[in-house]
Each structure stands twice: as structure tokens, then as C-alpha cells.
Amino acid sequence: MAEIIELQDVGKRYGETDVLSGLSVSVRADVVTAIVGASGSGKSTFLQIVNGLIRPERGRVVVFGEPLPKQNLFETRRRIGYAVQSTALFPHLSIVRNMSLVAQVEGWDRERIRARALELMALMDLEPGLGERYPHELSGGQQQRAGICRAMFLKPEILLLDEPFSGVDTLTKGEIHRRLAALLAVEPTTVLLVTHDIGEALMVAADLIILRGGRVEQCGAVTDVLAAPASRYVEALLGQGHAA
Amino acid sequence: MRLELLAVAAALACFSGGLAAQQAPIGVGSKNFTEGYVLAEIMAQTLESHGFEVEREFGFAGTLVAFEALRAGEIDLYAEYSGTITQAILQTDTELDGPALAAALAPLGLETLEPFGFDNTYAIAVTPTLARGLDLARISDLRAHPALRFGLSHEFRDRADGWPGLKLAYSLPHESSGLEHGLAYQALLEDEIDVTDAYSTDGDLIRYDLRLLEDDLDYFPAYLAMPLARQDLDPRARAALASLAGSIDEAQMRALNAEVVVNRRTFADVAAQFLGERGFAVDEPRARSRLQERLLANVIVHLKLTSIAVLAATLIGLAVALAVYRSPTVSKAVLYTAGLLQTVPSIALLALLIPIAGVGQVPAIIALFLYSLLPIVRNTITALITIDPLLRRVAVALGLTQAQRLRAVYLPLALPHVLAGIRIAAVVSIGTATLAAFIGAGGLGEPIVTGLALNDTGLILQGAIPAAALAIVVELVFEALERWLVPPHLLTRQAVS
């Protein structure tokens, strides 16, 4: 089982605060790994270190079997999808142009872009007509799904999801989960999902990374973690999930 | 005599007409007051009747500007006064006559031509009623009436050879208040003031029937009017202008000025009649350009000035904004500098540019360019730094290079603000460009400047109304441009904010 992402003794501080202090963890390829933990535990920082948005002060970050390059990071980033909370679709571009922004830059022709957009929109249950609309003309749930289509447009080997479903109601969230699962069944990829919702993590992920104060509290397959919580903290966290 | 003149003129016209045709046009300038315009038009038409092509650059804001234009070769000649040449240009207190004046002007590459024949010196004017009532005929007579109210033009009050010297020479006990020269006569008639300064050939003296007091101590220096020209002026042009030597006396000049200010005739008309009476064949259509043609020409120059300036400011402003917006410190410094430029009054900026860029359209464009920078740079920087950080983060995470992010995301998002900045720059420039006429740049400011000099509201409106209309048209064009370039939902957000 190949390890596509590996962090060794990674440290990151903002001012006086250590956000990550000696984080060492690896992620399995082609499964969904959920990163959970309280606010300030370093979840989002972890994610942004993987695509180079944040540079750690120390430690080693290996992505695709190579240390993350310092220059020309954009080539690596195009192999990593990224979707965030509140969708962050570009308001001046139609849905299809949002999705295909990098594809256009890479010189895809119109037909190829159209075909790929329709394929993804079908998988995420977006009507083809929505493609020409502007983001503000879509519902919150539709925007979330469009955001995932954008992240998946270039068939990335890694998909980073930074609490992308936090803004929508439970019913819509469930629907998006099902759609994402359907998409991943057709196009398997390594997914890192940051969420503060342990219920969501347990439902979607195969592996769990539980962070606490910038370190790994416990990691492993969901079943293993559930069977043997490493600490009272993990136990309490999992308890929330069952309650939900 | 008259026949002779005609013959000479005709011969000269034939002789020079053929040759002058290939020559560069002769630039005739004027300062922005009635007599300056009339004399300039007389000189221009004289040259034209001798076959020269003439470029009229009228309405320079004062001696300094006209003189700089002459030295820079923007114009080849304009009408100036002996007193002004010695005092304001050569800055000497001694009154210089023929050879001494020529010697002083030679190092500047300038020379005076034969005087026109009249002395437009300062004079002291009162109403006929007052003159009769107090038996005033000479300036010395004022001394006996210390209660008289002196309302004097600002320039006269400031000049050493004006009020301070006069008060001393005649031991006048009066205090004076300053006011605009154009308003002084009105103030006299409305009994707001009793005494004011005037120019001895002022046409308004006829209109308001004012009395000039005799300068019995011979205090005022001579202000003999004469063409002040570049030494490299075509000798044949000089010969043509020689026909004007001694041809206008004070009464005649006053009458010509009055034709303009009282009877509302154009300078060209008055000059053509004067020359016609003296036997010059004046080319009618050239002498009288029609209103529509003048208007169109002014609008074209105005659009040229503003569009070059705003276009350059857009290109450079955008480049500067893009270069600095990622550094808050540098951005602040740039905005501060641009803001500082904005606080320099336009007339002052134009005056400051004269030694560097001369007069005419170039300094006007430079000034408009500098004024246009601030709104464009500020709006662009503000728009770029206020883009939602999450959108920025996503643009980076998608794998767009810096240039691609700018082109595909940041600039389109900033576009409504950038367009608004350009729009402000364009509208403000159209207004400010009217002031450029003071340094001979032409445009819609020209009738305004002339109208101000003549106190002619109609003429002022000939510049002001088209300028206002132009500003409105530019607003509409930019509105259409925004609608075309910016998605409607981003536009409404812009309108609300």
C-alpha cells in the first residue's frame, strides 16, 4: 500500500503559538482519510502544508513520493484538488468556467472542457443548464457540489477538502456525501477531508487522523480506532460522533 | 498714400506668397486680455494677407507664460509693452529705449519690432460725475480728497510701478482695497468705489464714459505696444509687420477695444475692418472662422488632450498598481505621492511645468496625466488588496501561476473599481483641461479664457457647455463599457458600495 503523503516531524508556528509541533503522519493512497480534532488543533494547517499554501518551519513534507518542491509549485498543485468551506467559487465566472479555469490555462479545447464538465456535473447531480449560470444563482448545496467539480476537474491524484460541507444543512450534507462517494467510486483518488464533525468523518472516511494541540493523538483505520481508542480524548471525541 | 500702401502690400503678397507657402506657419500668440487678442489678430491677418500661414495661439495666462512660449519657439511673436518688457521680463528698473532694449533682448534670442504707435500705460479713472463735482483733472487733484475710496486691481496694488510708487510720488493719503479688474468699472458705476486703475486704451472707458486723470508728475512709465518676436522670425514676415508701425494711436486702440467689449464683435472682425480700412486685402473666410468649426476644433483638441493623458495614466497607473500592491508599505508611499500631486492646484502645476515642458499641449497633457494617476492607482490598489483572501487562496491552490491569477481572477474581480477610477480620471480631466488654455494648449478652455478676459458670458458658455456635455458623454460611454465588460451582479454590488 503506497503512501502518497508523508509528513515527518513537521513544525509550524504563528507568532508565539505552535500550530503543529513535530507532526509525523502518513496517508494511504486512494482512500478517504478524515482529519479531526478541536478548533486550533492544526487540521487546516496540515491540509495547506500538503499543497504548499503554508510552508512549515521544520520537518519534511513528501507528496507523490518526492519532497514538496520549493519552486514551480503550481505544477504539483494541479495534481492536487482543493475545495473549501463556503465554496469560494469565483463570482465573475460561470460555473463551467470556474470548474475549467486551470484546464483553459492548460490549453484544453472547448469540446474537451464541455465533455468533462458535463461528466462531473452528472456525477454530482447538477443539471447541465446550471453550467452557464453564475455562482450566486445557485443554491448553497449546488455551489458546494460545483466546488467539488472544480477540485476534481483535472482528475487530481489527491483531493483536499477543507470543511467543504460545514455550511449546509444535514439533509443536503447527506446528499452531497452520497454524490461524493459515487464520484470517488468512478474516479478513485486520495482524499484528505478536514472536518470538525466526527459523524461526517466516520461516515465518509476509511482512515482517521485525530489531531490534538498540533500532534497526532491517534491515527489508523476507522475500525481500528473505534475498536481501540488510544486515549480518553479520543474516546470522548468518538462519543460525540455516536451521539450525533 | 493709401494707394502706395496697397501696391506695396500687393507686391509683398505676390512675392512672399509663393515662397511662404512651403514654410512652417508663423505662430502668433496673445496674452488673455482684449487688446492682446486684437493686436494678435491684426498681426495674424497682416501676415496672412502677405501669404504667410499663421497659427493662432491666443490667450496665454499672463506675461510669464506668453514669454516662455516665445522663448520655447511655441510662438514666433506676440504683442508686448515696453514697460512690461523692462520690468517683468528683463526685471530692471531703468527704462530702456531702442538700442539698449535690443541689446538686452538679444541674448534671449528676441527682439522688438517697430511700436504700433500708442502708449497703453496705467491710468487713474473716475466717473465724469465725480470729476465734475470735485473738479478732478489731474492725479495731484486727488490729494485734496482723502475720503475717496480707491478700488484697485490686484496686480496694480502689487507692482512697484503701480500703487505703492504712485502713492509715494503723489503723496496720496488714501488706503486702497483690491478687486478684480473686470469688476472695477461696475463698482465705480454702482458707487462702491470712487477711483480705480485703468489702462489708457481700455475699451471699457468708452463704454462706461469714464474720465482719465492726467499723470501730471509723469509718474507712469511708457507702455508702448510693439511686437515682441524671435530673432529667427522670417525677415519677410518682419517686413510685412513693419507696415503696422505707427499705425494705431491711443484713441484708435481704445475704439478697436470698444468694438469688442461694447459692440461684442469678434477680434477677427475688428482686425479685418481695421486692416481693410488701411487697404490690406484680408482673406475673409480665414479671418472669420465659423462657430461650429471653432467648436468642433476645440472639442477635438480637448478630446486629444484628455484621451492621451487618461490613456497614459491608465497604462502607467495599472502597471504601478500591479507592481506595488503586494507590499502595503510601498503601496502607501505610492498613494501618498499621487495624493500629494493631486493637492497641487492645477494652475500652479501648469505654471510649474512651463520651465520643464514649455507651453502648449505637452505640459497640459503631462498635468492631466499626473492628476489622472491618483484615482486610477488608488482604485486599482484598493480593489486588488480587498479581494476575498479565500478566493486568493483557492486561486493559488488550483495551481495558477502569478500571471494567470492576475489575468483570470484578480484583474477581472478588480475591474469594476479600476473602471470607476478611469472614469473619475476622465471626467475630472475634461474639467481640468479647460484650464490648459491658459498655457496655450487650446481646447474648450479657449473660449472660456477669452470670455473671461472679455467678461463675455456667451463666449464662456461656448466652452463651458460643450465641456459639461463632453463630461456627460464620457460618463455614459463608461457606463456602457462597464455594462459590457462586467457581469451585472458584480456591477450592482459596485453601485451599492
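Reader: In β2(B), which residue is the bridge partner of Val28(B)?
Author: Arg56(B). Strands here are DSSP runs of E, at least two residues, numbered from the N terminus. This is a predicted model: local features need pLDDT of at least 70, side-chain atom pairs count only at pLDDT 80 or more, and totals for chains, interfaces and linings use all residues. Residues are numbered from 1 along each chain as its sequence is written, chains are lettered from A, and side-chain values use heavy atoms, without hydrogens or water.

Reader: In which sense do β1 and β2 of chain B pair?
Author: Parallel, over five bridges. Two strands pair if DSSP finds at least two bridges between them.

Reader: What is the strand order in the open sheet of chain B?
Author: β2-β1-β3-β10-β4, with mixed pairing.

Reader: Which strands stand at the edges?
Author: β2 (54-60) and β4 (110-112) of chain B. Each has a single partner strand, so one side of each lacks a neighbour in the sheet.

Reader: Switching topic. How many residues does each chain give to the contact between B and A?
Author: Chain B gives 20 and chain A gives 24. Contact means heavy atoms within 4.5 Å.

Reader: How many salt bridges between them?
Author: One. The side chains of Arg393(B) and Asp162(A) form it, at 3.7 Å, N to O. The cut-off is a side-chain nitrogen of Lys or Arg within 4 Å of a carboxyl oxygen of Asp or Glu.

Reader: Which element gives the largest share of chain B's side?
Author: α19(B), with seven residues. Helices are DSSP runs of H or I, at least four residues.
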